[in-house]
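Welcome, and take a moment to look over the chain before reading on. The report below walks through a few of its regions, one at a time.

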Amino acid sequence: MAISLLIENLTKSVGDRMLFADVTFSVEEGDKIGIIAKNGTGKTTLLRCIAGIEAADSGTVTLRSGVRVGMLEQVTAFPPGLTVAQAAAPDPGAEEGTAEATVRLLTQMGVSDMSAAVDTLSGGQRKRIALARLMASEPDILILDEPTNHLDIATIEWLEGQLARSRCTLLMVTHDRYFLDRVCRTIIELDFEQAFIYKGNYDNYLRRRAERINAMTQEQAKIRNTLRREQEWMNRQPQARAGKAQYRIDAFHDLKRRSQVNLTERNVALNVNSTYIGSKIFEAEHIAKAFGEKKILNDFNYIFARGEKVGIVGPNGAGKSTFVKMLLGLVKPDSGRWDVGQTVRFGYYSQDGISLPEGKRVIDAVTDLAEDIVVNDGVHYSPMQFLQHFLFTPKDQQKYIGKLSGGERARLHLATVLMRSPNFLILDEPTNDLDIVTLGILEDYLARFNGCVIVISHDRFFLDSIVDHLFVFEGDGEVRDFPGNYSDYRSWLKENKPEREVEKHASGGGDARKERRSQERRPRLSFKERRELEELEKELEELNREKAGLEALFSSGAEVDDIAAKSERFSALASIIDEKELRWLELSEKA
């Protein structure tokens, strides 16, 4: 394959902080490369330098003659006052057919009103316009910075399929692990100001990275052992060193520099437990909500149980965020009521971001919320101590909120949510600005979290890691309660719907009234109770089988070994079956 792009010794710093140094790699025609790193280590800056939007401090970016580069930036901005058609229009001089291709791609992504004002569109819709415009122009190299942010799952899967099948050359930053795994064949990690290259998909990267860190740790131990010997030599009187080779002195300083590399990973520490939560969480009774002719909920009923972890999926604009805002009391339903338990303490991570003054320093804004942060039933932190658990150094805490990066704002938002020790977390698109490492830590935290969780997310890996069932917003006010995670739901769709309809329904599209299963959600039965009912049916079948076996044994006339123990078990079975049948009847009537 011919080399399309060559990056040599690329170096970039911001102020006194080095982002990356002497980064070198080549991109061959048809390569699909994912770039990952922690927030703030220069992923976006590297892409912008490669695209020629930003200048590096040193190094070169060389494109093969005739190669065209197109970049999708993380934040999509258009001049004010444009319609969709105007915003999607190709650059002057673009090849014929580009405009038609853009419209076709927009239609496939669910944008059909070309006369709509861009200023009124959501972030996801604006990203669709930018994506369609870029893809229709067919650049030789596509550079995408977080392309899945603000897109619904159906559009993400559509884009995933387009890129996986395409012969385009791709450089991409994303935190979407399924997307990386299914599209990219090479992973480049920015770490310790360097670029580490791994051939293969994301799963292979995880294995190879662990091997690299282990090898680096062992190597550093050897360096420090050697350094101790050389330090003794350097500590001798200057006269004793006078005739020694200069190379040994230079080697000592190089060893000293290498020994000071800190291999300890600084990660967010989510060591905040939930407070006690009672058995009553919330009940939704006949909730209805509409905006004009657009129905969000239509006679929604549900009893939420302790320990439930629910994912909410559906197309952009289906009402997912409105649903949680109604639960929180921020939006009033048109009819019906929410009955929330007295012990419930909500923690709300909003996709709108932190609502703290942009002109305040981080430490001052958090101190205004609480001068003494008490978590885990009595552990006290000062605001400065607590913020350090979220990777805000004392220096970072002096930054103005308006100057924070997207990742820093996300970490600060998470800190302000958890500092109140909530027992019911509502997370609305928490993955947009968090790096892969922090996402993994958040997933582990939520898996151990003893309270309740509702999460709205387009990140399929995140949903699969956390939730035990889904609310699928299907449109026209209908919500399907699906028992399982997102991958389970996707598999169910493939088994139960024609292939041409799977993409439409994956994020909740279609006519819900025609598509509802006979065993749709049961308004008076919680998710855990439904699971209990299913388990009871299995248990009763086994218990009755065991009882029938003992009855047959006793009536056979044959000699029975250990007759006393078997008789005792037979009597116990009768009591157990009676108890479980009563519970089964109770749940069945409720259903």
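Two strands are said to pair if DSSP finds at least two bridges between them. Strands (E, at least two residues) and helices (H or I, at least four) are DSSP runs, numbered from the N terminus. With that in hand, β19 and β20 can be described as antiparallel strands joined by five bridges.

A word on the model itself. It is predicted, so local features are reported only at pLDDT of at least 70 and side-chain atom pairs only at pLDDT 80 or more, while totals for chains, interfaces and linings use all residues. Residues are numbered from 1 along each chain as its sequence is written, and side-chain values use heavy atoms, leaving out hydrogens and water.

## Around strand β19

Let us stay with β19 (469–475). Besides its antiparallel link to β20, β19 runs parallel to strand β12 (residues 309–313), to which four bridges join it. Val310 faces His469 of β19, and Phe471 stands opposite Asp481 in β20.

Is β19 enclosed or open to the outside? Six of its seven residues are buried, so β19 is largely enclosed by the rest of the structure. Here buried means under 20% relative accessible area, exposed over 50%, and partly exposed in between (1.4 Å probe, protein chains only).

The hairpin of β19 and β20 has two residues between the strands, and Asp476 takes a positive phi near 60° there. Most residues other than glycine have a negative phi. Asp476 is partly exposed, at 38% relative accessibility. Asp299, in strand β11 (residues 294–304), also has a positive phi, near 55°. Its relative accessible area is 39%, so Asp299 counts as partly exposed.

## Aromatic rings

Rings of Phe, Tyr and Trp (its six-membered ring) pair if their centres lie within 6.5 Å; planes under 30 degrees apart count as stacked, over 60 as edge-to-face and the rest as tilted. The whole structure holds 23 aromatic pairs. One of them joins Phe323 and Phe473 edge-to-face, with 5.7 Å from centre to centre and 80° between the planes. This pair links distant parts of the chain, since Phe323 sits in helix α10 (residues 320–327) and Phe473 in strand β19, 150 residues apart. Both Phe323 and Phe473 are buried. Ring pairs also link a cluster whose members include Phe282, Tyr302, Trp338, Phe471 and Phe473.

## An open sheet

Elsewhere, six strands form an open sheet with mixed pairing, in the order β5-β6-β7-β3-β8-β9. β5 and strand β6 (residues 141–145) pair in the parallel sense over four bridges, and Val69 has Ile141 as its bridge partner in β6.

Helix α1 (residues 43–51) lies across β3, β5, β6, β7 and β8, running at about 155° to β6. Such angles run from 0 to 180 degrees between N-to-C directions, with axes fitted to C-alpha atoms, for helices over the stretch in contact. Contact means heavy atoms within 4.5 Å.

## Charged residues

A salt bridge is a side-chain nitrogen of Lys or Arg within 4 Å of a carboxyl oxygen of Asp or Glu. A search of the whole structure finds 31 salt bridges, and three of them are listed here.

| Salt bridge | Closest N to O distance |
|---|---|
| Asp191 and Arg209 | 3.5 Å |
| Arg212 and Asp191 | 3.3 Å |

Asp191 belongs to strand β8 and Arg209 to helix α7 (residues 202–234), 18 residues apart. Arg212 is in helix α7 as well, 21 residues from Asp191. Asp191 is buried at 17% relative accessibility, and Arg212 is buried at 12%. In the other pair, Lys399 is partly exposed at 31%, whereas Glu408 is buried at 11%.

Lys127, in helix α4 (residues 123–136), is buried yet has no salt bridge; Glu146, the nearest side chain of opposite charge, is 7.1 Å away. For charge, Lys and Arg count as positive and Asp and Glu as negative, while His and the chain ends are not counted.
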